[in-house]
Amino acid sequence: MTPEEYVEAVLALVERIPPGRVMSYGAVADALAERSGRASARLVGSIMARHGGGVPWHRVVNSVGRLPPGQEVRARTLLRAEGCPLRGTGVDLAAARWWPEKGM
């Protein structure tokens with residue numbers, strides 16, 4: 001998979017996260033690892049920062065449910081409107097975590 005194809009795969013997966021649910025940057029990387037040969041949460045974060053404006057970027061959080069840096073207020077507003085379970089200043093990952101079906 002080329003770097004450009006990986007960017008497209010990340011964005012396509014983020015598009016599939018249902019309203020009210022989230023994935024972590026690492027989970028996105030893990031879900032694509034077999035197909036892509038890559039498994040970097042940092043790379044997914046970089047892709048989301050550069051190219052994620054056209055997808056539901058607010059549904060991607062860090063490994064403890066923290067909202068995207070610099071976009072916390074907007075992300076919380078969007079997630080709350082979708083009915084996402086929140087806890088403290090982040091997402092309740094135990095309740096909101098989503099994983100794609102096999103054979104994505």
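Colleague: How many helices and strands does the protein have?
Modeller: This is a predicted model. From the N terminus on, its elements run α-β-α-α-β-α-β-β-α. The totals are 5 helices and 4 strands.

Colleague: What share of the contacts with a separation of 6 or more joins residues 24 or more positions apart?
Modeller: Burial first: of the 104 residues, 42% count as buried. Now the contacts, taking those with a separation of 6 or more. Residues 24 or more positions apart account for 62%.

Colleague: What is the distance between the end C-alpha atoms of helix H1?
Modeller: H1 covers residues 3-16, which is 14 residues. At 1.5 Å a residue, H1 should span 20 Å. The model agrees, with the ends apart by 20 Å.

Colleague: Which elements do the buried residues of H1 pack against?
Modeller: The buried residues of H1 are Tyr6, Val7, Ala9, Val10, Leu11, Leu13 and Val14. Their packing partners are S1, H2, H3 and strand S2 (60-61).

Colleague: Are H1 and H3 roughly parallel or roughly perpendicular?
Modeller: Their axes are 10 Å apart and the packing angle is about 80°. Angles of 65 to 115 degrees count as roughly perpendicular. That makes H1, relative to H3, roughly perpendicular.

Colleague: How many residues of the contact of H1 with H3 are nonpolar?
Modeller: H1 contributes Tyr6, Val7, Val10, Leu11 and Val14. H3 contributes Leu43, Val44, Ile47, Met48 and His51. No residue is charged, 1 is polar, and the nonpolar count is 9.

Colleague: At what angle do the axes of H2 and H3 cross?
Modeller: H2 spans residues 25-36 and H3 spans residues 41-51. The two helices are roughly perpendicular to each other. Their axes come within 8 Å and cross at roughly 105°.

Colleague: Which residues of H3 make the contact with H2?
Modeller: The contact divides into 6 nonpolar, 2 polar and no charged residues. From H2 come Tyr25, Gly26, Val28 and Ala29. From H3 come Ala41, Val44, Gly45 and Met48.

Colleague: Is serine 24 buried or exposed?
Modeller: Serine 24 lies in strand S1 (residues 23-24). Beyond four places in sequence, serine 24 touches Val60, Val61, Asn62 and Ser63. Its relative accessible area is 13%, and under 20% means buried, so serine 24 is buried.

Terms used:
Residues are numbered from 1 along each chain as its sequence is written. This is a predicted model: local features need pLDDT of at least 70, side-chain atom pairs count only at pLDDT 80 or more; totals for chains, interfaces and linings use all residues. Side-chain values use heavy atoms; hydrogens and water are left out. Axes are lines fitted to C-alpha atoms, for helices over the stretch in contact, and angles run from 0 to 180 degrees between N-to-C directions. Angles under 35 degrees count as roughly parallel, over 145 as roughly antiparallel, 65 to 115 as roughly perpendicular and the rest as oblique. Contact means heavy atoms within 4.5 Å. Ala, Val, Leu, Ile, Met, Phe, Trp, Tyr, Cys and Pro count as nonpolar, Asp, Glu, Lys and Arg as charged, and the others, Gly among them, as polar. Buried means under 20% relative accessible area, exposed over 50%, partly exposed in between (1.4 Å probe, protein chains only). The expected span of a helix is 1.5 Å times one less than its number of residues.
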